[in-house]
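Here are my notes for your first pass. Keep the structure open as you read.

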Amino acid sequence: MTHHREEFVRIPESDLEGMLPDTLAVRAGQLRTAQLEHSDAIFPTSSFVYGSAAQAAARFGGEEPGNIYSRFTNPTVQAFERRIAAMEGGERAVATASGMAAILSTCMALLQSGDHVVCSRGVFGTTSALFHKYMAKFGVTTTFVSLVDGEEWASAVRPETRMLFVETPSNPLCEVADMESLAKLAHENDALFIVDNCFCTPVLQRPLDYGADIVIHSATKYLDGQGRCVGGVVVGPDKLLEPVYGFLRSAGPTMSPFNAWVFHKGLETLPIRMRAHCENALELAEWLEQQPEVEHVYYTGLESHPQHAIAKKQQKGFGGMLSFCLRGGRNEAWRFIDATRMISITANLGDVKTTITHPATTTHGRLSPEDKSAAGITESLVRLSVGIEAVDDLKTDLQRGFQALQNASNT
Ligand SMILES: *Cc1c(COP(=O)(O)O)cnc(C)c1O
């Protein structure tokens with residue numbers, strides 16, 4: 001019997017067409033060497049060798065495709081890039097050293113001095129610092145607007161606006177942007193619409209299908225899902241990704257092969273993990289809404305959520321992130337957090353382990369009191385990144401928090 005070896009080494013691109021996301025997560029971007037190993041190999045090498053001086057010259061000159069140097073060509077990194085690009089429905093992906101490096105690389109490649117950016121106010125704190133502290137030094141100005149107020153977006157756009165940037169759902173209040181209308185606004189004004197898809201991942205939301213030009217990820221979060229590595233990725237059409245790749249080659253915020261391998265393998269379980277995160281988070285959100293000590297629960301899956309309908313339209317699920325306000329202030333929030341025993345007190349999110357944080361004094365602690373209140377970050381707000389533990393054990397742990405509040409109010 002004869003087999004065509006290519007079929008074992010790489011799934012033909014044409015076979016991937018029409019495959020469903022759960023399959024792409026496991027099969028797209030497969031990297032198999034002539035050893036025919038089943039699990040993907042890892043290539044921890046900085047450089048690659050050539051058969052001759054002429055071949056080296058052809059590779060460097062771009063006449064012959066192939067590996068050169070791992071700042072910009074590494075097979076393990078490319079395997080991860082192909083897999084996430086397939087899952088997001090994008091032509092191409094470029095992996096970066098961190099989520100912030102993905103945002104920086106996108107800005108450096110696609111903006112220039114004199115350009116203007118409109119960005120949602122609730123973005124990851126370091127993203128807003130990147131825009132107002134660093135991009136501003138190079139002549140790129142940014143206006144921050146409410147994620148959900150279409151009129152505020154429209155009136156912030158100027159002739160020199162080249163980019164609209166959002167995170168949806170937002171952190172920690174889970175506000176949801178209407179991606180189609182923001183994409184339309186961007187394109188009417190010759191600007192790019194960029195979506196940080198960290199909270200939903202391509203399993204729950206594919207922004208390119210709603211008109212986004214580029215999708216950005218902190219791979220550090222759900223894509224890894226087990227809190228092991230820091231990394232990022234930019235996904236979109238080849239014509240926008242080629243300059244991002246060019247910046248990476250010249251500036252060097254590259255993903256390491258080891259991290260790429262962890263993320264590549266992490267994607268294999270992303271669909272089943274996201275389903276478990278969604279299921280647990282919805283059940284906890286509904287349970288938390290019943291607790292007398294809870295003033296309000298922020299979760300896109302609740303009917304009470306102001307953008308529930310748009311979330312339902314854009315997302316296949318409501319995700320694992322939720323937050324809630326307790327009756328009281330900082331003392332009550334800290335007492336609640338300190339009474340839990342299993343749930344990790346850490347600001348990381350998207351992990352299989354549930355984590356709990358007090359945004360006002362950690363992730364959003366650098367905001368001025370005015371900015372905090374504009375962003376809705378109150379002192380009694382608690383954020384949960386709901387993991388995949390048994391939901392009853394999570395309730396038992398959170399119940400310790402409610403018990404501590406009851407004990408304190410009885411004394
Ligand atoms: C964590 C995070 C980032 C930054 O990613 P790093 O990998 O930490 O650099 C960007 N956006 C969002 C929404 C994040 O949660």
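1. Start with the ligand. Around the ligand sit 14 residues, and Ser98, Gly99, Cys198, Ser218 and Thr220 come nearest. A residue counts as near if its C-beta atom, placed from the backbone, lies within 6 Å of the molecule. The shell holds four nonpolar, seven polar and three charged residues. Ala, Val, Leu, Ile, Met, Phe, Trp, Tyr, Cys and Pro count as nonpolar; Asp, Glu, Lys and Arg count as charged; the others, Gly among them, are polar.

2. A word on the model. This is a predicted model: local features need pLDDT of at least 70, side-chain atom pairs count only at pLDDT 80 or more, and totals for chains, interfaces and linings use all residues. Residues are numbered from 1 along each chain as its sequence is written.

3. Now Lys221. An unreviewed UniProt entry places the feature "modified residue: N6-(pyridoxal phosphate)lysine" there. Such annotations may be inferred rather than shown by experiment; feature names are shortened, and positions follow the numbering used here. Lys221 lies in the loop between strand S6 (214-218) and strand S7 (232-236). Helices (H or I, at least four residues) and strands (E, at least two) are DSSP runs, numbered from the N terminus.

4. Is Lys221 buried or exposed? Lys221 counts as buried because it has 22 C-beta neighbours inside 10 Å. The cut-offs are 20 or more other C-beta atoms within 10 Å for buried, 12 or fewer for exposed, and in between for partly exposed, with C-beta atoms placed from the backbone. Leaving out residues up to four places away in sequence, Lys221 touches Cys198, Leu349 and Gly350. Contact means C-beta atoms, placed from the backbone, within 7 Å.

5. Next, the sheet. Seven strands form an open sheet in the order S1-S7-S6-S5-S4-S2-S3, with mixed pairing. Strands pair if DSSP finds at least two bridges between them. Strand S1 (92-96) and strand S3 (141-145) are the edges, each pairing on one side only. Strands S4 (residues 161-167) and S5 (residues 192-196) run parallel, joined by five bridges. Phe165 has Ile194 in S5 as its bridge partner.

6. Finally, Ser146. Ser146 is in the loop between S3 and helix H8 (150-156). With 17 C-beta neighbours inside 10 Å, Ser146 counts as partly exposed. Ser146 touches Arg121 and Glu152, not counting residues up to four places away in sequence. Ser146 and Val166 are 20 residues apart in sequence; their C-alpha atoms are 10.0 Å apart in space.

Technical notes. Contact = placed C-beta atoms within 7 Å.
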